[in-house]
Amino acid sequence: MEITYQVIPKLWLCTSSTTSGECGCTVPTLTLSTLSVAPASSSSSTFPMATYNVSQIAKRRPAHGSETTSRSTTMSVSTGLSIPVSTTTYMGAFTDTYPPSRGRFSDEYRNFLQPVIGFLVSKRSPLLVNIYTYFGYKNGDVSLEFALFKPSNNEFNDPNNQLHHQNLFDANLDSVYAALEKSGGGSLEVVVSESGWPTQGGPGASVGNAEAYINNLIQHVKSGSPRRPGKAIETYIFAMFDENEKPNDETERYFGLLSKAIINTASIFIVQN
């Protein structure tokens, strides 16, 4: 007997609990369109798992502004597959991110993350990074259009490599790549473990802007970033539902897609390849 699990590569929807603070994402074990797993015998009632909850990969932070990281390992399951397990961080761990080529790990995080990067390189596992362009807009760093993947006056060429950046997402991601290259992690893949837009609670937080951001994100990650063009960026959308009991900034509670009138966006998302 063969059990076949159909998964959608490259873009995944984060389903978040409203109370526990743990992410409930289902993450594919392999970046393949189909994963087939054969149990040991046809009579067995226990089948190997083909997906893992992202909370097994990295603990979510209580709010977007402060995250915890954990040492990476590699898990093996009964099927004989080797499951890479990584750790997540956020843009607050980086500094000198403009222009992106100057990006590096801040002194506060570098000593802690340096051995983690070395470990990930040795295991060929990716680094997970949460990127929220909304907060760059909210803090007044960029225009709304630049944060939403729309044409804007914030577009720029990096003077150190002449790469053209048309949106804040690319600028953030390329600064992560630059930081990794400076830390011996230039070979690492980067997975965007969370990205989304709030539907209420702050300036620019609306259903319309959330829909625009998610739809533009879905299309954009197919083609890579200026520093690493031509290869899709594995990206996880945050989140499926609002988190009504989440503390701190009010916008933190309103990143849910299915809580608002943007269910059509989720439908578009589900059929993406």
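User: What does the side chain of Thr 235 reach?

Analyst: A polar contact is a pair of N or O atoms within 3.5 Å; within protein, one must be able to donate a hydrogen and the other to accept it, and residues adjacent in sequence count only if both atoms are side-chain atoms. Here the Thr 235 side chain reaches the backbone oxygen of Ile 233 at 2.9 Å. This is a predicted model: local features need pLDDT of at least 70, side-chain atom pairs count only at pLDDT 80 or more, and totals for chains, interfaces and linings use all residues. Residues are numbered from 1 along each chain as its sequence is written, and side-chain values use heavy atoms, with hydrogens and water left out.

User: Is Thr 235 buried or exposed?

Analyst: Buried means under 20% relative accessible area, exposed over 50%, partly exposed in between (1.4 Å probe, protein chains only). Thr 235 has a relative accessible area of 0%, so Thr 235 is buried.

User: Which residues lie on each side of E15?

Analyst: In a regular strand the side chains alternate between the two faces of the sheet. Strands (E, at least two residues) and helices (H or I, at least four) are DSSP runs, numbered from the N terminus. In E15, Thr 235 and Ile 237 are on one side, Tyr 236 and Phe 238 on the other, and all are buried.

User: How many bridges join E14 to E15?

Analyst: Two strands pair if DSSP finds at least two bridges between them. E14 (residues 190-195) and E15 run parallel, joined by 2 bridges, and Val 192 stands opposite Thr 235.
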